[in-house]
Every structure is written in structure tokens, then in C-alpha cells.
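Hi,

Here is the structure I said I would pass on to you. Have a look at it first, then read my notes below.

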Amino acid sequence: MRGRTRRLFGGRADIFPIKTTTSAMKAANVIIHRPLAITFLLITAAVLADAETILIDWGDGSGTGGVSAPSFPAGDGKYWNSLGNNTANPTNAALIDSTNGSTPVTVTVSTGSGSVSGWGDFNGAAAPDPYDEFSVRDDALFNGDTGAIPITFSGLLANTEYDFTMISRRPASGRDGKVTITTGTSTDIGSGLVLVLNGDVLSFSATSDATGKISLGFAENTAGGGGAVMNGMTITGDFTASTPAAPQLSGFTYDPVTGNSEVSLKAAANTDYKLVEASDLDFATPDQDPVTLLGASIGTVNENTITTDGSGNATVQFNLGTANSATFIRAETP
């Protein structure tokens with residue numbers, strides 16, 4: 001930062017130690033900057049919800065002789081998503097978590113067609129919790145080729161880490177599988193992880209991309225007869241963003257030479273907002289309404305509106321000029 005510095009106070013108008021009016025009390029997120037010194041009081045966003053787990057039974061057996069996992073296995077208390085139905089490219093856009101809570105997560109499996117990949121009944125051997133349900137290890141997604149089947153999760157929080165586990169159970173002939181990642185990132189997977197046939201549960205972490213997607217690939221680790229199977233999978237993490245009661249501004253920066261500024265916004269996901277500037281805390285005499293936006297490093301700018309990403313975040317650039325003696329800024333819906 002160059003030149004003179006300026007002071008920043010951030011927060012709700014009703015926490016300032018000054019007399020406020022009704023309209024000021026409604027100004028949930030206000031930044032005040034002055035031309036003398038700059039300090040930061042960052043607004044803390046709401047804490048994300050506790051981690052949840054989604055349980056997936058690959059291959060629900062319909063048409064193959066296998067058994068579909070019950071929604072609520074007796075004596076277990078966990079809810080499962082049974083996916084496959086002997087369908088080439090199934091999509092499930094309403095995955096539930098293990099407590100039967102709804103999630104925004106969608107999963108798509110692109111098996112293509114023919115005998116190389118698909119769904120099968122394999123009467124898998126015993127497996128540890130939560131895969132100890134016979135209906136889960138009985139049938140599976142299989143791939144008889146080294147070309148990967150894409151498994152894509154959408155609707156996750158953007159740039160967020162999730163934990164995965166999976167098993168491979170088949171008492172007859174078969175091969176180890178290989179797990180890769182094509183969308184998102186993972187320091188665990190590298191060039192690929194081996195899913196050992198009738199071996200230990202495979203565990204790893206992966207981070208979603210900026211659109212909230214993770215795509216895994218599943219294939220035979222080495223070419224040969226029998227093919228690789230994946231009977232079940234779990235994914236654990238935060239599936240729904242915690243939305244603040246009102247838009248929250250933080251991370252304000254200002255260049256007193258050019259007037260260029262930046263601020264981060266935490267609010268509802270995929271929602272339009274504008275920044276409003278005024279000379280007084282009541283916002284009764286706006287100098288510029290709305291603030292002219294120059295761009296965004298997170299979120300999308302459309303003229304003077306910023307749209308938050310799938311996690312409710314945005315970081316936007318604008319210019320406040322160099323002559324303001326006192327400016328108040330807040331975020332509000334257009």
C-alpha cells in the first residue's frame with residue numbers, strides 16, 4: 001500500500017459506539033474508511049456445519065441379481081444411496097447423507113455401453129463397517145479395461161477438501177482397480193491409487209474445483225481378465241455452506257494514490273449483490289449508488305452486480321477515488 005493510509009472499521013452498524021437510526025441498524029455490513037491510518041477489523045463468517053457422510057452402494061442389483069441396499073439397514077442406522085440399476089450412465093441428483101438428510105450433491109457415472117464396464121452381482125466377501133452390509137458388498141460397478149470410468153460429484157462446496165473411502169470385494173477372479181482424479185486436486189492420489197481386490201479399505205482426500213466438482217476415474221490397474229470392481233464408496237465433508245444472516249464484508253484493501261479498492265463478500269450462494277456507497281452511516285445521501293465494479297477474482301461481475309460463487313463467496317475490485325473524507329459501504333441485493 002502506498003502513500004497515506006486510512007482506517008477501516010467493518011461490521012454491523014448496530015455495534016458502533018455511536019447513536020444510530022433505524023435505517024442505520026439495518027445496514028448489516030458497513031465499511032468506514034478515513035484518510036489518516038488503516039487498521040482492519042475483519043468480519044467473521046459463520047462456521048460451516050459439522051462434517052456429513054454420504055454412503056453409496058454402487059450397483060443396486062436391479063437386472064443383475066444383486067441386492068439393493070436398504071435405505072435404513074436393520075440394526076445399522078445408516079442411510080444409503082443405491083446407484084446403478086444396470087444403467088449405462090446413471091445420474092442421481094438427490095443424494096442423501098447417512099442420517100437421511102438432503103444434500104445438494106449430484107453424482108454421475110459414465111460407464112458407456114457394452115460389456116467392458118457396467119454393473120454386476122459378485123457376492124462380495126465380508127468387509128468392515130460401514131461396508132459390512134451384505135447388500136452393499138454383494139454387487140458393484142465394474143470395469144474390464146484400463147480406460148477409466150468417470151465418476152463426477154457436483155454441488156460440493158468450491159475449493160473444499162473431502163474424504164473418500166471405497167472397497168473392492170469379489171470372491172472369484174478379478175483384478176485390482178486404479179483410482180485417478182481429473183477434476184479437482186489431490187495430494188494423495190498422484191498418478192493413481194490402487195484399489196486392491198479383497199484388500200483393505202482405500203482412503204484418500206480430494207479438493208473440489210472452483211465450481212464445486214470432483215471427478216474420479218475408475219479402471220483396471222493392469223489389463224487382464226475378470227475386471228476391477230468397486231462395491232461401495234463414502235464421501236465425508238461439508239456439503240452445504242452456512243449462509244450468514246446478512247451479507248458480510250471483510251478483507252478491505254485501498255490504494256490512496258489510485259483509489260483502487262478490493263473487498264471480500266460472504267453471503268448466500270449464487271446470489272446477486274451490489275455495493276452501495278454513502279457519506280453517512282444512514283445511507284441517506286449516497287455519493288455513488290451502486291459502486292462501480294471493476295472486476296472480481298472470485299464470483300462474477302455483470303455491470304455493477306456481483307454474483308457469489310457456489311460457496312457464497314466473492315472478491316470484488318472497485319475504485320473509491322482519492323478525495324473522499326469519509327465513505328460508508330455495504331452490500332445489499334439489487
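Let's start with Glu332, which is partly exposed, at a relative accessible area of 22%. On this scale buried means under 20% relative accessible area, exposed means over 50%, and partly exposed is anything in between (1.4 Å probe, protein chains only). Before going on, note that this is a predicted model, with residues numbered from 1 along each chain as its sequence is written. Local features need pLDDT of at least 70 and side-chain atom pairs pLDDT 80 or more, while totals for chains, interfaces and linings use all residues; side-chain values use heavy atoms, without hydrogens or water.

**Salt bridges**

How many salt bridges does the structure hold? There are 3, counting a side-chain nitrogen of Lys or Arg within 4 Å of a carboxyl oxygen of Asp or Glu. The general idea is that side chains of opposite charge can pair when their charged atoms come close.

Glu332 pairs with Lys274, with their closest N and O atoms 3.8 Å apart. Since Glu332 sits in strand β25 (residues 327-332) and Lys274 in strand β19 (residues 272-278), this pair ties together parts that are 58 residues apart in sequence. (Strands are DSSP runs of E with at least two residues, helices are runs of H or I with at least four, and both are numbered from the N terminus.) Glu332 also makes a salt bridge with Arg330, at 3.0 Å between the closest N and O atoms. Together, Lys274, Arg330 and Glu332 are linked in a network. Lys274 is buried at 18%, and so is Arg330 at 17%.

Asp129 and Lys78 also meet in a salt bridge, at 3.3 Å from N to O. Asp129 is in the loop between β7 (117-121) and α2 (134-137), and Lys78 is in the loop between β3 (52-58) and β4 (81-83), so the two tie together parts that are 51 residues apart in sequence. Lys78 is partly exposed, with 24% relative accessibility. Asp129 has something else to show you: a cis peptide bond joins it to Pro130, with omega about 5°.

**A charged residue without a partner**

Now find Glu220, in strand β14 (residues 214-220). Is Glu220 buried or exposed? It is buried, yet it has no salt bridge: the nearest side chain of opposite charge, Arg175, is 4.6 Å away. (Lys and Arg count as positive, Asp and Glu as negative; His and the chain ends are left out.) A polar atom of the Glu220 side chain does lie 3.2 Å from the backbone nitrogen of Gly227.

**The cores**

In soluble globular proteins, nonpolar side chains tend to be buried together. Here, the largest nonpolar core has 34 residues, and Trp58, Ile151, Phe153, Phe164, Phe204 and Met233 touch the most other members. A nonpolar core is a set of buried Ala, Val, Leu, Ile, Met, Phe, Trp, Tyr and Cys residues joined through side-chain atoms within 4.5 Å. A second, separate core has 17 residues, including Val291, Leu293, Ala314 and Val316. Back to Phe153: leaving out residues up to four places away in sequence, its contacts include Ile56, Leu95, Phe164 and Met233, where contact means heavy atoms within 4.5 Å.

**Some strands to trace**

Strand β10 (residues 161-167) has 5 of its 7 residues buried, so it is largely enclosed by the rest of the structure. β10 runs antiparallel to β13, with 6 bridges, and antiparallel to strand β16 (residues 232-237), with 5 bridges. Two strands pair if DSSP finds at least two bridges between them. Asp163 has Ser205 in β13 as its bridge partner, and Met166 stands opposite Met233 in β16.

Strands β17 (residues 248-254) and β18 (residues 260-266) are also antiparallel, over 5 bridges, with Ser250 partnered by Ser264 in β18. They form a hairpin with 5 residues between them, and Gly259 in the turn has a positive phi of about 85°.

**Two loop residues**

Asn100 is in the loop between β5 (91-92) and β6 (106-109), and Asn198 in the loop between β12 (193-195) and β13 (202-207).

Cheers

How values were computed
Polar contact = N/O pair within 3.5 Å; in protein donor to acceptor, adjacent residues only side chain to side chain.
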